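Hi,

Here is the model I promised to pass on. Have a look at it first, and my notes follow below.

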Amino acid sequence: MKKLCVLSALLLSGFVSYGQTRKWAVGFEAGEPIAVSLRKYGDRNALDVSFGTYLGMFKGKDNYKVSNDDLGGLGVMFNVTYLWYAPMFNERMIAYAGPGVQINSRRYYPDRNVRSVYTTNISTGPSATAGLEFFFAQKPTSFFVEGGGYLEFIPKFFYFNPNLSIGLRHNF
């Protein structure tokens, strides 16, 4: 009985700490962009690495580069962001913001009927992210809402692409 009480106390004390930031987190975000992210937490900062795709939800298909397909330049993105965060509500929620850099690769099809003819565009530039992350009580899962933008420097100077997404993270 004594062993059961000690074991129960240890297990319960471990579950109480789940409602906070941990050392690492893996997450999925949907919106603009759709991505998978890995986050490393520090004392009041974090490094976030995301890999995913942009759909162009917040921009017109004709304002960047002509693409006669229905996807309008769908491609992959890689983003690294350094974040500072401030805990709120007894560390059940954090607000975060920070700068980053993003690299994109997109294909453009001049003729939607000919998939073998396309151009590939590699672009890069700075990004910025701000968001709120909510930690569920006694669970290693968190819910987040974040927004920001990407300012392309190469090849189209000062082309801005806003982003807004929601998602879930597993903290461990």
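Val36 stands opposite Phe51 in strand 3. Strand 2 (residues 34-41) and strand 3 run antiparallel and are joined by eight bridges; strands here are DSSP E runs of at least two residues, numbered from the N terminus, and two of them pair if DSSP finds at least two bridges between them.

Before I go on: this is a predicted model, so local features need pLDDT of at least 70 and side-chain atom pairs count only at pLDDT 80 or more, while totals for chains, interfaces and linings use all residues. Numbering starts from 1 along each chain as its sequence is written, and side-chain values use heavy atoms, with hydrogens and water left out.

Eight of them close into a barrel, in the order 1-2-3-4-5-6-7-8, with antiparallel pairing. On average, neighbouring strands of this sheet are turned by 25° against each other, direction ignored (axes are lines fitted to C-alpha atoms, and angles run from 0 to 180 degrees between N-to-C directions).

Now the cavities. The structure holds three of 30 Å³ or more. A cavity is a set of points, on a 1 Å grid over the protein atoms alone, where a 1.4 Å probe fits but cannot get out, and lining residues have an atom within 4 Å of a point. The volume is the space filled by probe spheres set on the points, which are joined across faces, edges and corners. The largest cavity comes to about 160 Å³. It is lined by 19 residues, and the closest to its centre are Glu29, Asn79, Thr129, Glu146 and Asn163. Strand 4 gives the largest share of that lining, four residues. By class, the lining has five nonpolar, nine polar and five charged residues (Ala, Val, Leu, Ile, Met, Phe, Trp, Tyr, Cys and Pro count as nonpolar, Asp, Glu, Lys and Arg as charged, and the others, Gly among them, as polar).

Last, the rings. There are six aromatic pairs; Phe, Tyr and Trp rings (six-membered for Trp) pair if their centres lie within 6.5 Å, with planes under 30 degrees apart stacked, over 60 edge-to-face and the rest tilted. Phe153 and Phe157 make a tilted pair, 5.5 Å centre to centre with 35° between the planes. Phe153 and Phe158 have ring centres 5.9 Å apart and planes at 25°, so this pair is stacked. Ring pairs link Phe153, Phe157 and Phe158 into a cluster. Phe153 is partly exposed at 36% relative accessible area, whereas Phe157 at 58% and Phe158 at 52% count as exposed (buried is under 20%, exposed over 50%, partly exposed in between, with a 1.4 Å probe and protein chains only).

Cheers

How values were computed: 1 Å grid on protein atoms, 1.4 Å probe; cavity = no way out; pocket = protein on both sides within 12 Å on 5 of 7 lines; lining within 4 Å.
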